[in-house]
Amino acid sequence: MRAMLLVLALGCGGLSLLQAQKDGAREPKRPILDPGRDSNSAAAYYYQGISLLPRRPKEAAAAFYWAIRLEPGWAEPRYARAVAILLSLDPRNLTDYFLRKGYVRKLPEVLQADSLDYQALLRNPLLDRRFDVMLVDEWIRSASDNELSLLDFGRGSPRFSGWMAHSAGRFADAVKSYGEALKRYPRDVDVHLDRALAYVPLLQYDSARADINAVLDRVKELEESLLRVFADKALLEFSIGKLFEVQGQADSAREYYGRALLTDLSFFPAHAALGAMAEARGDTSQAVKEYDLAVQVKEDDPTLRYQYGGALFNARRYEESEEQFQKAIDLEPWYAKPYFPLAYIRENQGKDAEAAALYETFAERAPGSEAARIAFARQHAAELGAGKPKD
């Protein structure tokens, strides 16, 4: 299932959220959250969206939209919104989507869903695709006028059993069933990819990597005649790098991020990952270089701009970092993180009024998990606004 969705995503390119809006998707109204939820928290909108997804997918899509606005670097809301948009399709269109009919692929909402799905994979190629089963079940119900459901298919099939166990969070059972399926069809890349994802929550990273390598080998066999049939090579190599990084094997992670870039020089997530690793080891010069390369490819990503700004700040290149933080805000005004360092820079430049306004905006838009910074921002905004000297 994952491989099929990846193929669909690859065909649409990388539409940004802003571009998708320009292509006809109107901004949904910000949902009212359940009592007790933090209206500045992306997680609050994400989990409310999950609760709405099976019954009210359009409302779920709106909740996921606002989770993305508040935390644009988070992969899961993008994937979940893609599913919600597809669940909201007319039943005939949903059926034709799975049958890969050309006209459906050109619908604005489908282009947006495919783009969101691919953008989610770029941010986290190992994300849990738990909602796939919901999407396929709705397709079967729609195609059969509610006479059939997913449970009417695949009984006795180890692949089906694995997929159902996976979607229910029974990862050990899923791995076992996928293994049985691969005994019958050892070259099935879809099952290898699904099993790789099932290994991740079990912390069996070596096994996950072996499955991804099996897919990569198969893609290499086919690439001359059927380029990008099953998966994007750079994305697969990036996934292996992520697994190495999680295991603390930095040298191997950097090697595979480098391989991803050799495969596709425009694969910006690898540059971002190398930048983060360089920052972690204190190599600010290399971090700045990698983030600069990333934003040259992906100019409209507010998270990349924020990360680039942070690397420049750590390198004491404050004017350049100021520019990146401002660009991050311009790209996504609801993204709270860039306001704080930009306010700090403005404050140290003696631009008190601008700094106070930025601190106030940060305090207004930051989630409750940022309590310490919110308190700092409010105190400094008050002091700067009143012209009081700071401690």
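Start with α20 and α21. Their axes come within 8 Å and cross at roughly 160 degrees. Axes here are lines fitted to C-alpha atoms, for helices over the stretch in contact, with angles from 0 to 180 degrees between N-to-C directions. α20 and α21 are therefore roughly antiparallel. The classes are these: under 35 degrees is roughly parallel, over 145 roughly antiparallel, 65 to 115 roughly perpendicular, and the rest oblique. The crossing of α20 past α21 is left-handed. Left-handed means that the near helix is turned anticlockwise from the far one by less than a right angle; clockwise would be right-handed.

A word on the source. This is a predicted model: local features need pLDDT of at least 70, side-chain atom pairs count only at pLDDT 80 or more, and totals for chains, interfaces and linings use all residues. Residues are numbered from 1 along each chain as its sequence is written, and side-chain values use heavy atoms, with hydrogens and water left out.

Which residues meet between these two helices? From α20, they include Tyr 339, Phe 340, Leu 342 and Tyr 344. From α21, they include Ala 355, Leu 358, Tyr 359 and Phe 362. Contact means heavy atoms within 4.5 Å.

Now α21 by itself. Helix α21 covers residues 352-365, which is 14 residues. From first C-alpha to last, α21 reaches 20 Å, close to the 20 Å expected at 1.5 Å a residue. The expected span is 1.5 Å times one less than the number of residues. Buried in α21 are Ala 355, Ala 356, Leu 358, Tyr 359, Thr 361, Phe 362 and Ala 363. Buried means under 20% relative accessible area, exposed over 50%, and partly exposed in between, with a 1.4 Å probe and protein chains only. An α-helix has 3.6 residues a turn, so residues three or four places apart point the same way.

On to the other partner of α20. Helix α19, residues 318-331, and α20, residues 339-348, have axes that come within 9 Å and cross at roughly 140 degrees. That makes α19 oblique to α20. Again the crossing is left-handed. On the α19 side, the contact includes Tyr 318, Glu 322, Phe 325 and Ile 329. On the α20 side, it includes Pro 341, Leu 342, Ile 345 and Arg 346.

Take Glu 322, in α19. Buried or exposed? Glu 322 counts as buried, because its relative accessibility is 13%. Beyond its neighbours within four places in sequence, Glu 322 is in contact with Leu 342, Ile 345, Arg 346, Gln 349 and Lys 351.

Next, Leu 312, in helix α18, residues 302-314. At 1% relative accessibility, Leu 312 is buried. Not counting residues up to four places away, Leu 312 touches Val 288, Arg 317, Glu 320, Ser 321 and Gln 324. Its C-alpha is separated by 9.4 Å from that of Tyr 291, 21 residues apart along the chain.

Asp 96 sits in helix α6, residues 91-98. Asp 96 is buried, with a relative accessible area of 8%. Asp 217 lies in helix α13, residues 205-222. At 45%, Asp 217 counts as partly exposed.

Last, the whole chain. How many helices and strands does the chain have? The secondary structure comes to 22 helices and zero strands. These are DSSP runs numbered from the N terminus: helices are H or I with at least four residues, strands are E with at least two. Of the 391 residues, 52% count as buried.
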